[in-house]
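Here is a short note for a colleague opening this entry. Please read the points alongside the sequence and the 3D view.

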Amino acid sequence: MPEPTFFLFGGIKPWNEHAWVASDDRVRGGKSQSFLVHSADSSVASFRGDLDITALGGAGFASQRTVDPQSWDLYDYHGLLLDLAGSDGKTYTLVLKDEIPPKRAEGDGREASTVSWEYDFVPGPGETVVSVAWSDLKPTYRGQPKPDAKPLNLENVKRISIMMRSHFGAQQGPFRLDLRYIAAFEFDPKTEA
């Protein structure tokens, strides 16, 4: 397993729940709700909430994303590590964006859809580290694969999100994912063999 070399959140850089904001399906008329709350010593952040799929006919999502403006140059790294302190065993999604979406032309205050780079993972029981190489991230647009997307600009990552989605009714209800850190890791040929 690779070692963390640049802590984005947690680890040697304590969690700050004010660096994150909810981005739930309520923007589309849904009822899901998420929170990111850190422990008293800021060593663990809990992404938790309730995924409600009734309002949107089996669809739904709840997510926490980094607040704007933030930017990370991750070009010299091989991927991200998520050190988990606990999980409910449900499917979660790590999302990266290299642009801040503009507001929609309709004037409703919602953001326009843009390409997201996503990785789904199901944490095992107990404590675990999820390793996400850049090549593991898949481009999507409005939840659908976007194979013709331009490459993720690793020199200018603008948003990081953790998402819980229904996968069209496959999961719902309360959820909780406890994170010790999100950190970048460098390529190490010894661990890749």
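1. Start with the core. The largest nonpolar core has 38 residues, and Leu82 and Leu96 touch the most other members. Such a core is a set of buried Ala, Val, Leu, Ile, Met, Phe, Trp, Tyr and Cys residues joined through side-chain atoms within 4.5 Å; buried means under 20% relative accessible area with a 1.4 Å probe, protein chains only.

2. Strands β1 (6-10), β4 (45-51), β6 (79-87), β7, β8, β9 (128-133), β12 and β13 (173-185) each give two or more residues to this core. β13 supplies the largest share, five residues. Strands are DSSP E runs of at least two residues, numbered from the N terminus.

3. A separate core of five residues includes Phe7, Leu81, Tyr181 and Ala183.

4. Look at leucine 96. Beyond neighbours within four places in sequence, its contacts (heavy atoms within 4.5 Å) include Trp117, Trp134, Leu152 and Ile160.

5. Now the lining of the largest pocket. Its residues divide into 11 nonpolar, 12 polar and 11 charged. Here Ala, Val, Leu, Ile, Met, Phe, Trp, Tyr, Cys and Pro count as nonpolar, Asp, Glu, Lys and Arg as charged, and the others, Gly among them, as polar. β12 gives the largest share of this lining, four residues.

6. On confidence: this is a predicted model, where local features need pLDDT of at least 70, side-chain atom pairs count only at pLDDT 80 or more, and totals for chains, interfaces and linings use all residues. Residues are numbered from 1 along each chain as its sequence is written, and side-chain values use heavy atoms, without hydrogens and water. Average pLDDT (the predictor's confidence in each residue, from 0 to 100) is 92, and 96% of the residues score at least 70.

Key: Buried < 20%, exposed > 50% of the residue type's maximum accessible area, 1.4 Å probe, protein only.
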